[in-house]
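Trainee: Could you walk me through this one slowly? I would like to start with the words I need before we turn to any residues.
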Amino acid sequence: MRALLFDLDGTLTQGGGGGGRALAKALHTRPQASEELRRMRLDGMTDRAIARLVLAAERKSVSERDIDEVLEQYLHALATEVAERPYVPLPGVSELLRRLDAKALLGLCTGNHVRGAELKLSSAGLWGCWKFGGYGSDAEPRVEIVRTAFRRAQELGATDALVIGDTPRDILAAHEAGLPACGVATGRWSIHDLATHGAEKVIATFGDIEASIRLLLE
């Protein structure tokens, strides 16, 4: 059976910047880190990598404990964010996942900490869709998250996998892990952008359920 490894932000859900606001709240006592955050484009980055980079703007040596503290504060702030402004599934996603459940192993492949993924997807009504996942709390480099997700899929009987995401980072990590990728142009990048970065499959949105199922399973 095929494993379908879905990115979260911009691929499955729209959060209106909730993750960024939560991280800004976690960094509110760190002006240099906050300024670095405002300059960054976070699409496709892992939570731990983001925390490491913004903290590096204020000190030469960033400890793992420093990162853990920021992520703990971030997750606390994110819980408040999603309670006030729930994430919403992108068009077609809820029905697509329901239809795919009997045809493939559905897993997450996201740079979000597992608790962050749970908060976001629970608020969107999608947390119960997943049999397994690879998360930003498993590893910092995205390629290792892909490898972790695929290993867990294989333990459940998967014979192959497709990584699905809306950024070039999703595609590059999939290829580095030896897996094909499907780019979905629901985020910042167009179909052309995603194809140029080497996605084996590309789709504009998941709005056409039948076409999406065919593309993901063929």
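Mentor: Let us begin with the words for accessibility: a residue is buried when its relative accessible area is under 20%, exposed when that area is over 50%, and partly exposed in between. Please keep in mind throughout that this is a predicted model.

Trainee: OK, so is E64 buried, exposed or partly exposed?
Mentor: E64 counts as partly exposed, because its relative accessibility is 39%.

Trainee: And which residue does the side chain of E64 meet in a salt bridge?
Mentor: The side chain of E64 meets that of R48 in a salt bridge, at 3.0 Å from N to O. This pair links distant parts of the chain, since E64 lies in helix α4 and R48 in helix α3, 16 residues apart.

Trainee: Then what about R48, buried or exposed?
Mentor: R48 has a relative accessibility of 16%, and therefore it counts as buried. R48 also forms a salt bridge with D68, where the side chains meet at 2.9 Å from N to O. Here too distant parts of the chain are linked, with R48 in helix α3 and D68 in helix α4, 20 residues apart. D68 is partly exposed, because its relative accessible area is 40%.

Trainee: Those two helices keep coming up, so how do α3 and α4 cross?
Mentor: The axes of helix α3, residues 47-56, and helix α4, residues 64-84, come within 9 Å and cross at roughly 115°. Angles of 65 to 115 degrees count as roughly perpendicular, which means that α3 is roughly perpendicular to α4. The crossing of the two helices, α3 and α4, is right-handed.

Trainee: Which residues meet there?
Mentor: From α3 the residues are D47, R48, A51, R52 and L55, and in α4 they meet E64, D66, I67, D68, V70, L71 and Y74. Sorted by class, the contact of α3 with α4 has 6 nonpolar and 6 charged residues, with no polar ones.

Trainee: You mentioned R52, so what does its side chain pair with in a salt bridge?
Mentor: R52 and E140 meet through their side chains in a salt bridge, at 2.8 Å from N to O. That pair again links distant parts of the chain, with R52 in helix α3 and E140 in the loop between β5 (132-134) and α7 (142-155), 88 residues apart. R52 counts as partly exposed, because its relative accessibility is 25%.

Trainee: Changing topic, how many salt bridges are found in the whole structure?
Mentor: A search of the whole structure finds 19 salt bridges. Elsewhere, R21, K25, E81, E84 and R85 are linked in a network of salt bridges.

Key. Residues numbered from 1 in each chain as written. Predicted model: local features only at pLDDT ≥ 70, side-chain atom pairs only at ≥ 80, totals over all residues. Heavy atoms only, no water. Axes fitted to C-alpha atoms, helices over the stretch in contact; angles between N-to-C directions. Helix = DSSP H or I, 4+ residues; strand = E, 2+ residues; numbered from the N terminus. Parallel < 35°, antiparallel > 145°, perpendicular 65-115°, else oblique. Left-handed = near helix turned anticlockwise from the far one by under 90°. Contact = heavy atoms within 4.5 Å. Nonpolar A, V, L, I, M, F, W, Y, C, P; charged D, E, K, R; others polar. Salt bridge = Lys/Arg side-chain N within 4 Å of Asp/Glu carboxyl O. Buried < 20%, exposed > 50% of the residue type's maximum accessible area, 1.4 Å probe, protein only.
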